[in-house]
Amino acid sequence: MTARLFAPITLGGVTLPNRIVISPMCQYSADDGCMSDWHLAHLGSLACSGAGLMLVEATAVTREGRITHACTGLYSDHDEAAMKRVVDACRRITRSPIGIQLAHAGRKASTQVPWLGGKPLAGGESPWPAVAPSALAFGEGWPTPHELSTVEIRGLIDAFAAAARRALAIGFDVIELHSAHGYLTHQFLSPLANRRSDRYGGSLENRMRFALELARAVREVWPRERALGARITASDWAEGGFEAGDAAAYARELKAIGLDYVCVSSGGLVSHQRIKVEPGYQVGFAARVKQAVPIAVCAVGMIADAGQAERIVASDEADMVALARGILDDPRWVWHAAERFGATVAYPPQYARSHPSVWPGAALARPGGTAIRAAA
Ligand SMILES: Cc1cc2nc3c(=O)[nH]c(=O)nc-3n(C[C@H](O)[C@H](O)[C@H](O)COP(=O)(O)O)c2cc1C
């Protein structure tokens, strides 16, 4: 029997050949939102991986919504053209669907790239004012963001819809709305970042309003035959924050709007979070959402071993798994998992001669290949 990990799954009108998703990963290598040659190499390499779905990094819907000066954006014709060049190249490599995560950093905007410290930009580093649901800083040493007016909120929802139109023009199969990791949508959702007294703050229903209005706006411009999902959060890992029960309520509303899947993550909202990162540490959250809501669910976070991934989907804790660091570490992770489970995965024809069925060296390259090595 084929491993469940390698059974296809259909989201909206998009079929993934297997349940392995390349998690969106910011590369901090863009210029005014425009993808660079780094993206061509990075995504081109991952397009060879055989993963069922490749998601492009958190991409800002406005210039001010970028985390850093080097984040990708979809707010100008230049960004769109630069991204189309990369996506077109990936299309020539893989037949798996390709998606994009749309985001706005909110109060976590205007920071240095991680390898330069990741701190808020200083005066000489061309900072820009950040916006948020409330004038509350992310933590100590962070600037106080500007509290969005309802007119500005409307403008941001329109920006998400406009970016979705650009994603459509590029030819993406999937849009994932980022509502986790402490970025703008998550800031609206959590009582720790949202202290508004208007209809966008207070009760859970009000705190979800921004997220749901933008999901509706994107669903309207994003065709049903493509897939629309969201990365949601299930814990702020801090007292009084957004919790797993809230995540299930939120997923239920997203499903009602017509979203096709959710990917369940957590954390990143406040600097004083107490998070315990261990193998599969967010899988329980995914399982809880999956039990409560009839929507496809993706688990993410410290999923690095193929057996672990297979157990998660085979036991119905989640329908898919997303990998970030595991696939950077081993871009051939999917090939090796397929080999382990005797499953079929699409190799680019240029690499077909390295398939273990035709390459005897595979036995030497694997940890279990000692017998052949000894016999050689
Ligand atoms: C280099 C890097 C960039 C990331 N960028 C994003 C991003 O753009 N959007 C997002 O939702 N998560 C982002 N993440 C988080 C991952 O998608 C993933 O949720 C997290 O790393 C846990 O999965 P892992 O244990 O497989 O790495 C990033 C992680 C890494 C390592």
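This is a predicted model: local features need pLDDT of at least 70, side-chain atom pairs count only at pLDDT 80 or more; totals for chains, interfaces and linings use all residues.
At the start of the helix, a side-chain oxygen of serine 76 reaches to within 3.3 Å of the backbone nitrogen of histidine 78.

Several residues of H2 are buried, namely Asp79, Glu80, Ala82, Met83, Val86, Val87, Ala89 and Cys90.

The cysteines were examined next. A disulfide is a covalent bond between the sulfur atoms of two cysteines. A search of the whole structure finds 0 disulfides. Cysteine 90 is accordingly in no disulfide, and the nearest cysteine sulfur, that of cysteine 48, lies 8.7 Å away. Cysteine 90 has a relative accessibility of 3% and therefore counts as buried, since buried means under 20% relative accessible area. Cysteine 263 is likewise in no disulfide; the nearest cysteine sulfur belongs to cysteine 298, at 3.8 Å. The cut-off for a disulfide is 2.5 Å between the sulfur atoms. With a relative accessibility of 1%, cysteine 263 also counts as buried.

The surroundings of the ligand consist of 15 residues, of which Ser23, Gln101, Arg231, Met302 and Arg325 are the closest. A polar side-chain atom of glutamine 101 is placed 2.7 Å from a nitrogen atom of the ligand. Methionine 302 contributes a backbone N or O atom, which lies 2.7 Å from an oxygen atom of the ligand. For arginine 325, a polar side-chain atom is found 2.5 Å from an oxygen atom of the ligand. On its own, the ligand has 600 Å² of accessible area, and the protein covers 83% of this area.

Serine 23, one of the closest residues to the ligand, is situated in the loop between strand E3 (20-22) and H1. The relative accessible area of serine 23 is 2%, so this residue is buried. Apart from its neighbours within four places in sequence, serine 23 is in contact with Leu55, Arg231, Val300, Ala322, Leu323 and Ala324. Among these contacts, Arg231 is also listed with the residues closest to the ligand.

Key:
Residues are numbered from 1 along each chain as its sequence is written. Side-chain values use heavy atoms; hydrogens and water are left out. Buried means under 20% relative accessible area, exposed over 50%, partly exposed in between (1.4 Å probe, protein chains only). Helices (H or I, at least four residues) and strands (E, at least two) are DSSP runs, numbered from the N terminus. A polar contact is a pair of N or O atoms within 3.5 Å; within protein, one must be able to donate a hydrogen and the other to accept it, and residues adjacent in sequence count only if both atoms are side-chain atoms. A residue is near a molecule or strand if one of its heavy atoms lies within 4 Å of it. Accessible areas come from the Shrake-Rupley method with a 1.4 Å probe; for residues, only the protein chains shown count as cover. Contact means heavy atoms within 4.5 Å.
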